[in-house]
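Please open the model in your viewer and keep the selection panel at hand.

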Amino acid sequence: MLVSLIKKFGVKLSLNDPRWGKNPQGDNSKAQEGRRPGEGPPDLDQMWRDFNARLNRLFGSRGNNGGDAGGPGPYRSEGRGAGITASVIGFIVLLIWLASGAFIVQEGQVGVVTTFGRLSHTTGAGFNWRWPAPIQAHETVNVSQVRTAEIGYRDNVRNKQGAESLMLTDDENIIDIQFAVQYTLKDPVAWVFNNRDQDTTVHQVAETAIREVVGKSKMDFVLYEGREKVALDVHNMIQLIVDRYKLGALITNVTMQNVQPPEQVQSAFDDAVKAGQDRARARNEGEAYANDVIPRARGAAFRLLQDAEAYRSMVVENATGNAARFNQVVTEYAKAPGVTRDRMYIDTMQSIFSSTSKVMVDAKSGSNLLYLPLDKLIAQVAANDAATGAARSGPVQAPQEQQSATPTQEVMQTIEQVRQRDSRSRDSSRDRESR
């Protein structure tokens, strides 16, 4: 800045200047004799005098050029010009020093201002000013940035860090875990003043938390059904430790990037996993078959049981009814043997004749066997009725029911005569037996 000011007042600092290193008043002419222009060091005193003279002309002051070189006038002018120059330079330096205290805080950031190393205040986004150094200093903290701590890898899951990713489970198995922790800042003052190497601290806290959680879990639980549970437990533990350290960070997310056995036993572990899957598939198929067969067998057994119970109930009820009826018949037979016997006979024959279309009558009075084909008689009567109805014509016709009933009545009369004759023969035989 001093060089630019010197150039503004017209002072030339070029080695090609013919006045370089020469005294225009001839004070040092002897010292410069025998030297070419550009040889030897420049005359700093003469440069200073020229600078003061130009400042005096700039501020309107005149020097006393009429006196001798050793007179008091020039010396007073030079002293006054030097004081003005020092004041201007001091004022400019003061302005520059005060301007160095201005700073700008971007959106999403917080400025932390300290006075002699102690916290003074915090500033928001925008233009701010503080006392320049060494009185005050400031540090800008980004509170909106989502920071990430990678454990077990760096930048890519293929770039593994074995010292961080290999962990021991509760069942004494080694597992390879790679996960990322995302966090933001909720207290910039605590983040700046309470701890050193804050990002490294979060990284170490995350590694400690995952080792503790995995060390209390089984290998299969961490690999399969417990991955979300492990991530949640690690998230809570990291936040607890960070709050205990007063780090001023807020854990937003814990993401499991990769969870697998070590590469040395990966093939054997894959075979074990396939065998377990085959076992589970065979078990599921067996359970499906059992669920299909067992209900059917139970249904068939229940149906057979119900049929047996129904058959037993039917047999028992029939036997009970028959026994009760037999008891009643015995009682009535004791009162009137003949009537009861005839009634039993008639009921029996009625039940037999109701289910048959052929009747055979055995008369003891004669030697001939009477055969009554009732089905043929009924069919013949029906045919006759049909023929009679077709041939009959006239205003007055007998009812068809009466016509069709005539042969049937004749048949029934014949049967009744046979029964009476058989009854008389039986009575005569009883009389003979009683005699």
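Two strands count as paired if DSSP finds at least two bridges between them; strands (E, at least two residues) and helices (H or I, at least four) are DSSP runs numbered from the N terminus. The model is predicted, so local features need pLDDT of at least 70 and side-chain atom pairs count only at pLDDT 80 or more, while totals for chains, interfaces and linings use all residues. Residues are numbered from 1 along each chain as its sequence is written, and side-chain values use heavy atoms, without hydrogens and water.

Select strand S2 (residues 109–115) with S5: seven bridges join them in the antiparallel sense. Within this pair, Val 110 stands opposite Val 141 in S5.

Next, select Thr 114 in strand S2. Thr 114 is buried, at 14% relative accessible area (buried: under 20%; exposed: over 50%; partly exposed: in between; 1.4 Å probe, protein chains only). Beyond its neighbours within four places in sequence, its contacts (heavy atoms within 4.5 Å) include Leu 119, Ile 135 and Phe 193.

Finally, select Trp 131, in the loop between S4 and strand S5 (136–142). Its relative accessible area of 42% makes Trp 131 partly exposed.
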